[in-house]
Amino acid sequence: KNESFIRASEKLSLAGQLAAGIAHEIRNPLTSVKGFVQLLQRGIQKPEYMPIMMSEINRMELIISELLMLAKPQNAHRKPMDMCELLEHVISLIESQAILNDVQIQIEYEEAPLFIQCDANQIKQVFINIIKNAIEASQGGTIQVRIERAGDAIVASVTDNGCGIPQDMLDQIGQPFFTTKEKGTGLGLTISNKIIASHEGTTAISSVTGIGTTFKISLPHASQRSHPIERHEIEANELIS
Ligand code: ADP
Ligand code: MG
């Protein structure tokens with residue numbers, strides 16, 4: 001009995017993991033900034049303090065803005081969207097970052113349009129996070145984005161030939177604040193997973209260290225006709241305005 005009690009309390013809810021993570025992640029830069037302010041109060045100032053304080057403050061700001069993304073309502077503004085068009089747009093947004101890192105992004109699909117019922121900005125956010133990670137894991141090379149239909153699902157995969165993820169680390173990927181990067185927040189995939197789950201989709205990762213990684217996102221295929229849900233939403237909106 002004791003054992004299961006311990007196990008249950010060890011396995012924190014997402015809210016619990018977040019609270020613990022926030023406390024930890026915000027306290028470090030905060031302590032650092034506080035230290036510098038205390039030095040300044042004693043009249044000890046060096047020109048190198050300011051950029052360090054600024055970067056610590058920027059880090060707190062980044063963590064907070066990503067946490068706000070996690071807190072956002074997930075069911076707003078759903079419309080049928082063509083996944084191919086959406087991903088073409090995401091790639092155009094992130095292209096400059098790829099070029100700066102000497103990475104090429106290729107996109108391929110045999111059939112278009114392929115509609116999903118989604119909040120376009122949220123799904124864009126998901127693929128920005130995933131492709132950014134792929135760029136950060138790569139040194140040169142190519143990122144392949146593929147969109148295809150698999151039965152009732154639209155499957156979009158992002159494959160890189162980057163560093164890969166060790167098998168024993170796969171379980172931790174997507175847990176709040178889990179990062180292997182010096183400047184990472186470890187929130188990107190937590191946000192992505194939450195958005196995909198709220199769209200009744202699934203995420204799968206396969207990876208081989210030294211070879212590369214594939215993220216596979218499946219989302220329900222939607223017909224182009226508006227769903228009853230959407231009609232409902234429109235009525236509700238009309239009622240409000
Ligand atoms: P962050 O990018 O801030 O570290 P993420 O939630 O986006 O946070 O990613 C968590 C971790 O997952 C990364 O730190 C990295 O170790 C691993 N990861 C994610 N995508 C890839 C990838 N394409 N190749 C290798 N490792 C990856
Ligand atoms: Mg990331």
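In what order do the 5 strands of the open sheet stand? The order is β2-β4-β5-β7-β6, and the pairing is mixed. Strands here are DSSP runs of E with at least two residues, helices are runs of H or I with at least four, and both are numbered from the N terminus. Two strands pair if DSSP finds at least two bridges between them.

This is a predicted model, in which local features need pLDDT of at least 70 and side-chain atom pairs count only at pLDDT 80 or more, while totals for chains, interfaces and linings use all residues. Residues are numbered from 1 along each chain as its sequence is written, and chains are lettered from A and ligands numbered from 1 in the order in which they are written.

Strands β2 and β6 each have a single partner strand, so one side of each is left without a neighbour in the sheet. Direction ignored, neighbouring strands are turned by 15° against each other on average. Within the sheet, β4 and β5 form an antiparallel pair over 8 bridges, and R149 stands opposite I154 in β5.

| β2 | 104–109 |
| β6 | 202–208 |

Helix α4 (residues 83–100) lies across β2, β4 and β5 and runs at about 170° to β2. Angles run from 0 to 180 degrees between N-to-C directions, and axes are lines fitted to C-alpha atoms, for helices over the stretch in contact.

Helices α5 (residues 120–137) and α6 (residues 188–198) pack at about 145°, their axes 9 Å apart. By class, their contact has 7 nonpolar, 6 polar and no charged residues. Ala, Val, Leu, Ile, Met, Phe, Trp, Tyr, Cys and Pro count as nonpolar, Asp, Glu, Lys and Arg as charged, and the others, Gly among them, as polar.

Key:
Contact = placed C-beta atoms within 7 Å.
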